[in-house]
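Take a look at the model below.

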Amino acid sequence: MATDEALKTQPLDIPQLQPGDRLAAPEFRRRYHAMPACKKAELIEGVVYMPSPVRITSHAEPHFFLTTWLGVFCAATPVVRGADNATDQLDLENEPQPDCMMFIRPEFDGRIHISADDYVLGPP
């Protein structure tokens, strides 16, 4: 559900994203970019998900340790690259925003690419 602040900044001609909306990726992106106050929304199999706040013990703390481990691995392994909370434009029905990811760099024959507007394209 959009906040009052999001309503103030949302262009009137673009519908708000709502959890459960069924959209293709281009429409998802259009609505998401029109909601600057929205902190996180994902498109999974054509369905919009807007997660609730994150708790420390069940998510935030394990995320911290996983990100640290991946960061150390990336620092020691030049052929990989890592990211935290980056949108991954997989296909027309999937744009997850994983907590963290690691992938082989494209210049080392990795499968992903970085788009001109700085998004991850493809599966890590």
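What covers the buried residues of H3?

## Helix H3

This is a predicted model. In it, the cover over the buried residues of H3 includes strand S3 (80-84) and strand S5 (100-104). The buried residues themselves are His-63, Leu-70 and Cys-74.

Helix H3 runs over residues 56-76, which makes 21 residues. At 1.5 Å a residue, H3 should span 30 Å. The C-alpha atoms at its ends are 28 Å apart, which agrees. An α-helix has 3.6 residues a turn, so residues three or four places apart point the same way.

## A serine in a loop

Now turn to a loop. Ser-115 sits between strand S6 (113-114) and strand S7 (120-121). Is Ser-115 buried or exposed? Its relative accessible area is 13%. Buried means under 20%, so Ser-115 counts as buried.

The side chain of Ser-115 also has a polar partner. It makes a polar contact with the side chain of Asp-117, at 2.5 Å.

## The cysteines

A disulfide is a covalent bond between the sulfur atoms of two cysteines. How many disulfides does this model hold? The count comes to 0.

Cys-100 shows why. The cysteine sulfur closest to its own is in Cys-74, 9.8 Å away.

Cys-100 is buried, at 14% relative accessibility. Cys-38 is buried too, at 15%. Cys-74 is one of the buried residues of H3.

Note on methods:
Residues are numbered from 1 along each chain as its sequence is written. This is a predicted model: local features need pLDDT of at least 70, side-chain atom pairs count only at pLDDT 80 or more; totals for chains, interfaces and linings use all residues. Side-chain values use heavy atoms; hydrogens and water are left out. Helices (H or I, at least four residues) and strands (E, at least two) are DSSP runs, numbered from the N terminus. The expected span of a helix is 1.5 Å times one less than its number of residues. Buried means under 20% relative accessible area, exposed over 50%, partly exposed in between (1.4 Å probe, protein chains only). Contact means heavy atoms within 4.5 Å. A polar contact is a pair of N or O atoms within 3.5 Å; within protein, one must be able to donate a hydrogen and the other to accept it, and residues adjacent in sequence count only if both atoms are side-chain atoms. A disulfide is a pair of cysteine sulfur atoms within 2.5 Å.
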